Amino acid sequence: EKSQDCMYLQYCKVCQSYKAPRSHHCRKCNRCVMKMDHHCPWINNCCGYQNHASFTLFLLLAPLGCIHASFIFVMTMYTQLYNRISFGWSSVKIDMSAAKRDPRPIIPFGLSAFAASLFALGLALGTTIAVGMLFIIQMKVILTNKTSIESWIEEKAKDRIQYYQTGETFIFPYDMGSKWKNFKQVFTWSGIPEGDGLDWPVRDGCHQYSLTIEQLKQKADKRVRSVRYRAVEDYSGVCCPVTKGVKTFFTTPCTEEPRIPLSKGDLILATRGLKHWMYGEKILDSAADGGIRERGWFPRKCVEKCQYDSETDQPVDGEKKKR
């Protein structure tokens, strides 16, 4: 509504529009999602403003259902084994062929059924632990009125302030100061989340764009601290390249983030890296490529650091020194 507010907002080159506060672009859904928490492959959708409460309830009910199933499996195996165990003076024998007591079970319980029940019990207990931990993590961020992405942004804000010793203090603007108030921002009796997903209530001393301003500072800091590399070998973009060395093959990043194919001579701005892999953005001709950004992982073996000898390459180092 106010054109001057554009200076506080991030621009999405894919959607060709400004991102609302707390919104992020999802590469899998290929759209910007309001109050995005993460993309969940199990529901094949993003967890965000519209379905945050439903997703959290799913994380609660799935372990409860698995606990109920585990109880049934345990009692079934206990009952059937009890009817098949014979105690002797020197050993305990189990006869899985048939029950020694009447009445006979309605459903036959043989060795294959016992193995299947034991396997299903392991799956149920594993799901209870794994999904239960996800529920605890989600509740922690909900009670502070954050998302998983915003928790990460807050951590990076602390690192940025500590690195540059600016003396500023970053206050997360959407924490209402009360766990109950934060809880009501997500869970409502009607099931419809509060607000419209664009404007959010903020705490005193903050405004609607406090978080987006911090995000813009972090993006500027990333550009300053990025390092330019040039590709010296071709890379097809496969997840586990066989021709780039054994260590590169076995240390491929365990993440859903994409890999970017490289051709000899390509320029890449690297922002982070591992011992044998790096993450960055390929420098493209925006006019020829339609403004599309190519970001992802690539083997460190395929690139070498650029030597800034020409005047045209100096601004990157110049910005670093000035910063």
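What follows is a short exchange about a helix and a sheet in this predicted model.

Me: Why is Ala116 called partly exposed, rather than buried or exposed?

Reply: Ala116, which is found in helix H2 (residues 111-142), has a relative accessible area of 45%; because buried means under 20% and exposed means over 50%, the value for Ala116 falls in between, and the residue is therefore called partly exposed.

Me: Which residues of H2 are buried, and what covers them?

Reply: Among the buried residues of H2 are Ser117, Leu121, Ala124, Thr128 and Val131, and what covers the buried residues of this helix includes strand S5 (38-40), helix H1 (52-82), helix H3 (148-164) and helix H4 (179-184).

Me: How do you know that the span of H2 is close to the one expected?

Reply: H2 has 32 residues and reaches 46 Å from its first C-alpha to its last; the expected span, taken as 1.5 Å times one less than the number of residues, is 46 Å for this helix, so the two values are close.

Me: What makes S12 and S13 edge strands in the open sheet of 5 strands?

Reply: The order in this antiparallel sheet is S12-S11-S10-S9-S13, and strand S12 (294-299) and strand S13 (303-305) each have a single partner strand, so one side of each is left without a neighbour in the sheet.

Key. Residues are numbered from 1 along each chain as its sequence is written. This is a predicted model: local features need pLDDT of at least 70, side-chain atom pairs count only at pLDDT 80 or more; totals for chains, interfaces and linings use all residues. Side-chain values use heavy atoms; hydrogens and water are left out. Helices (H or I, at least four residues) and strands (E, at least two) are DSSP runs, numbered from the N terminus. Buried means under 20% relative accessible area, exposed over 50%, partly exposed in between (1.4 Å probe, protein chains only). Two strands pair if DSSP finds at least two bridges between them. Contact means heavy atoms within 4.5 Å.
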